[in-house]
Amino acid sequence: MERLAGQLADLARTGIDVTDFGNGPRPGGLRRMDAAGGWFYFLVAPRIQLIIVVRIVPPFDAL
């Protein structure tokens, strides 16, 4: 998950708008992204150049 969050940050540094990545009701809100059989939730705060990982859910077979 740390690698994926780092890749999101790298994309944001290059100027790509990551507020619309993943699944969510609207851009800029809480987003969900599938990753390695599980998923993680994140928020993007572009004004302060911050990506906040809120929750990490591992794959169900790992629980």
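Accessible areas here come from the Shrake-Rupley method with a 1.4 Å probe. On that basis the protein chain exposes about 4,500 Å², 56% of it supplied by carbon and sulfur atoms. The model is predicted, so local features need pLDDT of at least 70 and side-chain atom pairs count only at pLDDT 80 or more, while totals for chains, interfaces and linings use all residues. Residues are numbered from 1 along each chain as its sequence is written, and side-chain values use heavy atoms, without hydrogens and water.

**Fold and dimensions**
- The protein chain has one helix and three strands, taken as DSSP runs (helices H or I, at least four residues; strands E, at least two).
- From the N terminus the order of elements is α-β-β-β.
- The radius of gyration, over C-alpha atoms, is 12 Å, close to the 11 Å that the globule rule (2.2 Å times the number of residues to the power 0.38) gives for 63 residues, so the chain is as compact as a globular protein of that length.
- The C-alpha trace spans about 35 × 25 × 15 Å along its principal axes.

**Burial and contacts**
- Of the 63 residues, 24% are buried, meaning under 20% relative accessible area (1.4 Å probe, protein chains only).
- Among contacts (heavy atoms within 4.5 Å) with a separation of 6 or more, 22% join residues 24 or more positions apart.

**Strands E1 and E2**
- Strand E1 (residues 31–35) has Arg31, Met33 and Ala35 on its covered face and Arg32 and Asp34 on the uncovered one.
- E1 runs antiparallel to strand E2 (residues 38–45), with five bridges between them; pairing requires at least two DSSP bridges.
- Gly38 in E2 is the bridge partner of Ala35.
- Two residues separate E1 and E2 in a hairpin, and Ala36 in the turn has a positive phi of about 55 degrees.

Technical notes. Buried means under 20% relative accessible area, exposed over 50%, partly exposed in between (1.4 Å probe, protein chains only).
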